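Open the model in your viewer and keep the selection tool ready. At each stop, pick the residues named and look around them.

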Amino acid sequence: MNTCVLYLNVRGLTTNINQLKVLVNRKKPAAIVLSETHITSDISDSEISIRGYNLVRCDSHSRHTGGVLIYVKKATRFKLVKNMNLDNELWFLGIEFGVCGNNYNIYGIYNQCAETKYIQFLSDFCENEMDFTKNNVLV
């Protein structure tokens, strides 16, 4: 049975890519949302690609923290809806796509900013930008 969406705090994608590939091969999810990827712009897509999946990146500024990445199965149509970095303290990446018969906006977040700043960001986003005509998932 295929998993619709897989969510993981990967704690460094380049050091855990082989384990991720084994998991993806076993579960075959439509999408994979990863936080704390530690992926920076000097890491090429080919170094972190997974056969049969497109990838969308919100790169970190450091190989020691941050970053969000979403893999989407190549047969799945999707649209990027949000890709941002807030002061190198919060990474936020979202896609819109249909999976398992439902339409979703799925967002991956990695946060290391102060709690009040994080709560304010989420509050503003939910109030001003979230599309409530779809199922929304914040990870």
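Select F121 and F125. Both are buried. This is a predicted model, and every value on the tour is computed from it. F125 has a relative accessible area of 2%, which is under the 20% that counts as buried.

Now show their rings. A pair of aromatic rings is described by the distance of the centres and the angle of the planes. How are the rings of F121 and F125 arranged, stacked or edge-to-face? Their centres are 6.4 Å apart and their planes meet at 15°, so the pair is stacked.

Colour the chain by element next. F92 belongs to strand β6 (residues 90-99), while F125 belongs to helix α3 (residues 115-128). The pair therefore ties together parts that are 33 residues apart in sequence.

F92, Y107, F121 and F125 make up one aromatic cluster. The count for the structure comes to six aromatic pairs.

Next stop: K82, in strand β5 (residues 78-86). Is K82 buried or exposed? With 16% relative accessibility, K82 counts as buried. Display its surroundings. Leaving aside neighbours within four places in sequence, K82 is in contact with F92, L93, G94, Y107, F125 and E129. Three of your cluster residues, F92, Y107 and F125, are among them. Now zoom in on E129. Its side chain makes a polar contact with the side chain of K82, at 2.6 Å.

Switch to a cartoon view and find β6 and strand β7 (residues 102-111). These strands run antiparallel and are joined by ten bridges. In a regular strand the side chains alternate between the two faces of the sheet. Select F97 and look across to β7. Which residue is the bridge partner of F97? The partner is Y104.

Follow the chain to the hairpin of β6 and β7. Two residues lie between the strands, and C100 takes a positive phi near 55°.

Now look at β7 beside strand β8 (residues 135-138). These two strands pair in the parallel sense, over four bridges. Select I106, and you will find V137 of β8 opposite. Trace the path between the strands: the chain leaves β7, passes through α3 and reaches β8. This β-α-β crossover is right-handed.

Last stop: the cysteines C58 and C113. How many disulfides does the structure hold? The number is zero. Select both sulfurs to see why for this pair. The closest cysteine sulfur to that of C58 is in C113, 13 Å away, which is too far for a bond. A disulfide needs the two sulfur atoms within 2.5 Å. C113, likewise, is in no disulfide. C58 counts as buried, at 3% relative accessibility. C113 counts as buried at 9%.

Notes
Residues are numbered from 1 along each chain as its sequence is written. This is a predicted model: local features need pLDDT of at least 70, side-chain atom pairs count only at pLDDT 80 or more; totals for chains, interfaces and linings use all residues. Side-chain values use heavy atoms; hydrogens and water are left out. Buried means under 20% relative accessible area, exposed over 50%, partly exposed in between (1.4 Å probe, protein chains only). Rings of Phe, Tyr and Trp (its six-membered ring) pair if their centres lie within 6.5 Å; planes under 30 degrees apart count as stacked, over 60 as edge-to-face and the rest as tilted. Two strands pair if DSSP finds at least two bridges between them. A crossover is right-handed if, with the strands pointing away from the viewer, the path from the first strand over the helix to the second runs clockwise. A polar contact is a pair of N or O atoms within 3.5 Å; within protein, one must be able to donate a hydrogen and the other to accept it, and residues adjacent in sequence count only if both atoms are side-chain atoms. Contact means heavy atoms within 4.5 Å.
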